[in-house]
Amino acid sequence: MAETGSAPEGADCRPRPPISFELFPPRTDAAALALGRTIDRLAEADPAFISVTFGAGGTSRDRSLTVLRYMLAHTNVEPMAHLTCVGSSHSEANRLVREFLDAGVTSFLALRGDPPVGADPDAGIGDLASAAELVQLIHRVQEEREPFAQVGMPGMPGASRIRERARPERVAVAAFPTGHPRSRGIAHDVDILLAKEISGATLAITQLFWRADDYLTFVDRARAGGVTIPIVPGIMPVTTPARLARLTELTGVEPPAELAIDLEIEPDAAAQAELGITFAARLAAAVLEGGAPGLHLYTYNRHEVVLEVLNRLDLRNPDQLVNERNTTQR
């Protein structure tokens, strides 16, 4: 058996692909304490960034900013703020982006979002009608915060040039390998993603999919349609039948029958977790083998499952594995 942190026999020396995680803001003070410990453990895995979802309510928004500030103060991880168009006026969205930037958050996930439950799905969701418009607004707010300035030119006394203005670190958007619920087809989904890139998006993160071919086929069609930004697969390790049923209800994406049945008939919680971890690790391995530029793991605010998925893929941060081994031996 290979030593901890070493590559499997026969493996090549490719660098570890970028890993990222998603969290949601805690709903209680006790959950906030637990989330702090989870962030610390996820940070040890050396992720490219950790994103934090952003609710439409004021309390949820405040808690999101608190989580992002915790990461800035206590970790070296790049925090990514979610923003949605739902219910936001131009002035409010401008204020929110500026608030995040002022706090030190320079990466964003721009989402159109869904209308409130019971609302007309075809009705307007706010002043911003699409994620592409929100991407443009993020860049515009940053430019307004960093006005043009002139800097001297080395070796040319008296000459100056316009200093390049800072841009957000990352502006990510969503991609839909199995189709957006309101899409007219995969060509429409590709066109929407291309519009987001033209508006200034630098990264796409996929929503739910259960089969590697869904992701790989979508990427091929996106490339053929002119999309050039990285398209990172979002992987959801699902470890209970109730959670799987809820995801299916929310997304309309049917899971593989074998996963649903195996979770349903397995009475032991630990064995259910093993089923979900194994499935997620196999799916992640398949998309990486197919050329995925990284992995984005949805955590449900728990670190144990997603870190075990990385462990199965031999993608844990070697320093983290050494620290865990030393802790165990004390």
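Trainee: Let's start with Trp-210. What does Trp-210 touch, leaving out residues up to four places away in sequence?
Mentor: Keep in mind that this is a predicted model. Trp-210 touches Met-236, Val-238, Leu-244, Leu-247, Val-253, Glu-254, Pro-255, Pro-256, Leu-259, Phe-279 and Leu-283.

Trainee: And the core? Which residues of the largest nonpolar core touch the most other members?
Mentor: That core has 85 residues. Phe-21, Leu-83, Phe-100, Trp-210, Ile-231 and Leu-295 touch the most other members.

Trainee: Which helix gives the most to this core?
Mentor: Helix α9, residues 269-289, with eight residues.

Trainee: Which residues in α9 are buried?
Mentor: Gln-272, Ala-273, Gly-276, Ile-277, Thr-278, Phe-279, Ala-280, Ala-281, Leu-283, Ala-284, Val-287 and Leu-288.

Trainee: What covers the buried residues of α9?
Mentor: The cover includes α6 (212-224), β10 (234-235), α7 (241-251), α8 (257-265), β11 and α10.

Trainee: Buried or exposed?
Mentor: Glu-254 is exposed, because its relative accessible area is 55% and the exposed class starts over 50%. Apart from residues up to four places away in sequence, Glu-254 touches Trp-210, Arg-211 and Thr-248.

Trainee: How far apart are the C-alpha atoms of Glu-254 and Phe-209?
Mentor: They are separated by 8.9 Å. Along the chain, the two residues are 45 apart.

Trainee: Phe-209 has a ring. What kind of pair do Phe-209 and Tyr-215 form?
Mentor: First, the overall count: the structure holds four aromatic pairs. Take Phe-100 and Phe-108: their ring centres are 6.2 Å apart and their planes are at 70°, so that pair is edge-to-face. Phe-209 and Tyr-215 are stacked, at 5.7 Å centre to centre with 20° between the planes.

Trainee: Which residues do ring pairs link into a cluster?
Mentor: Phe-54, Phe-100 and Phe-108.

Trainee: Switching topic. What sits over the ring of Tyr-300?
Mentor: The charged end of Arg-243, 4.0 Å from the ring centre. Tyr-300 is in the loop between β11 (295-298) and α10 (304-312). At 23% relative accessibility, Tyr-300 counts as partly exposed.

Trainee: What about phi of Tyr-300?
Mentor: Positive, about 55°, although Tyr-300 is not a glycine. Most residues other than glycine have a negative phi. Asp-46 also has a positive phi, near 60°.

Trainee: Where is Asp-46 found?
Mentor: In the loop between α1 (29-43) and β2 (49-52). Asp-46 is partly exposed, with a relative accessible area of 49%.

Trainee: Now α4. Which residues in α4 are buried?
Mentor: Among them are Ala-131, Leu-134, Val-135, Leu-137, Ile-138 and Val-141. His-139 and Gln-142 are buried as well. Their cover includes β3 (79-84), α3 (90-103), β4 (107-111), β7 and α5 (186-199).

Trainee: One more loop. Where is Glu-169 found?
Mentor: Between β6 (156-162) and β7 (170-175). Beyond its neighbours within four places in sequence, Glu-169 is in contact with Glu-78, Thr-106 and Ser-107. Ser-107 is 62 residues away in sequence, yet 5.2 Å away C-alpha to C-alpha.

Trainee: And the whole chain? How many helices and strands?
Mentor: Eleven helices and eleven strands. Of the 330 residues, 42% count as buried.

Methods:
Residues are numbered from 1 along each chain as its sequence is written. This is a predicted model: local features need pLDDT of at least 70, side-chain atom pairs count only at pLDDT 80 or more; totals for chains, interfaces and linings use all residues. Side-chain values use heavy atoms; hydrogens and water are left out. Helices (H or I, at least four residues) and strands (E, at least two) are DSSP runs, numbered from the N terminus. Buried means under 20% relative accessible area, exposed over 50%, partly exposed in between (1.4 Å probe, protein chains only). Rings of Phe, Tyr and Trp (its six-membered ring) pair if their centres lie within 6.5 Å; planes under 30 degrees apart count as stacked, over 60 as edge-to-face and the rest as tilted. A charge sits over a ring if NZ of Lys or CZ of Arg is within 6 Å of the ring centre and within 35 degrees of the ring normal. Contact means heavy atoms within 4.5 Å. A nonpolar core is a set of buried Ala, Val, Leu, Ile, Met, Phe, Trp, Tyr and Cys residues joined through side-chain atoms within 4.5 Å.
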